[in-house]
Amino acid sequence: MANGGGRHWNEETQRWEDGTRDAAHVTPPPPARPGHAPSAPPGTVWDPDAPTGEWSVAAPPPAPPGPGHGPRTVWAVVGAAAGVGVAVGLAVTLGLGGGSDDGKNRASTGTPTVASPSFSTQASEDPGTDVGSPSPTAVEPPYGYTAHQDPEGFRIAVPDGWQRSTVASQFGMDVVNYRSASGDRRIQVYQVAESSPEESFQLYLSDEVPKPPGFRKLALESVDGAGVSGTRLEYVADSLRGEPDIGTWHVYDERFRSVDGRIYAIASYGPDTDGGAGALQDLTTALEWFCPSEGVCPAPTS
């Protein structure tokens, strides 16, 4: 429920913020009607054949042929699977822009990022678009997960086929969400404003901060792993604002100081039907593969 201006607790960014409650939320473009398309952002075209419709980067006109040369095409490697007999797929990708971490309040632009010469980053900040292509590494994530170099600068591994969206934040980088197609599982990554994980959870668990309906803390413990130490909160809730009604949610929220000296949070959300086992596996995999843009991280072990 939106309110007027003033100080409010933002559930997405997990901090008190100023301004309208819903101002920071990013919404996808309207779906295309048959024979119609919404107004296109510069340099894009509307693709009505996509599952829910999406903006695609308009192909540039071919360059005039010169002596001994045909039209030039920008190629990027979309993905490479290690192993004998596995084919390497190629696709044409072209993008502009990208994420930044200037620490200012900003909204997603929906502009795709330019593909890297060593691997493709189809990654876009459009809500509802496929997450970026795999980040190059000598170690493969567990089966069913893919490593991505996020436009906000960090590396992470998430389940295959999840969708990426962002929410503007008044502190640090944008809040990044990865969601399953059904919306019943989510991984959220953001930068923590408090000076330590303990201070951050002390604030969140205080009576001052509103909690989701049916909130019940299950555990709060110090954890070590992937070369960093932090604090992990486990809780359940009857519902979460802006998320589908799936019954009880099981949440693992870990906040930690990373190798770049900044404090981050990775929260994993899933149904409580499996006792939180799926959400915990998603969290531990994401943490194992997380690495900020500034700093040297230990190699993932799985």
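Asp150 counts as buried because its relative accessibility is 4%, where buried means under 20% relative accessible area, exposed over 50% and partly exposed in between, with a 1.4 Å probe and protein chains only. This is a predicted model, in which local features need pLDDT of at least 70 and side-chain atom pairs count only at pLDDT 80 or more, while totals for chains, interfaces and linings use all residues. Residues are numbered from 1 along each chain as its sequence is written, and side-chain values use heavy atoms, with hydrogens and water left out. The structure holds eight salt bridges, each a side-chain nitrogen of Lys or Arg within 4 Å of a carboxyl oxygen of Asp or Glu.

**Asp150 and Arg164**
- Asp150 forms a salt bridge with Arg164, with the closest N and O atoms 2.7 Å apart.
- The pair links distant parts of the chain, 14 residues apart, with Asp150 in the loop between β8 and β9 and Arg164 in strand β10; strands (E, at least two residues) are DSSP runs numbered from the N terminus.
- Arg164 also counts as buried, at 1% relative accessibility.

**Arg186 and Glu243**
- Glu243 and Arg186 meet through their side chains in a salt bridge of 3.5 Å, N to O.
- Glu243 lies in the loop between β14 and β15 and Arg186 in strand β12, 57 residues apart.
- Glu243 is buried at 12% relative accessibility, and Arg186 is buried at 5%.
- Arg179, Arg186 and Glu243 are linked in a network of salt bridges.

**Arg232 and Glu254**
- The side chains of Arg232 and Glu254 form a salt bridge at 2.7 Å, N to O.
- Arg232 lies in strand β14 and Glu254 in strand β15, so this pair ties together parts 22 residues apart in sequence.
- Arg232 is buried, with a relative accessible area of 15%, and Glu254 is buried with 5%.

Note on methods:
Helix = DSSP H or I, 4+ residues; strand = E, 2+ residues; numbered from the N terminus.
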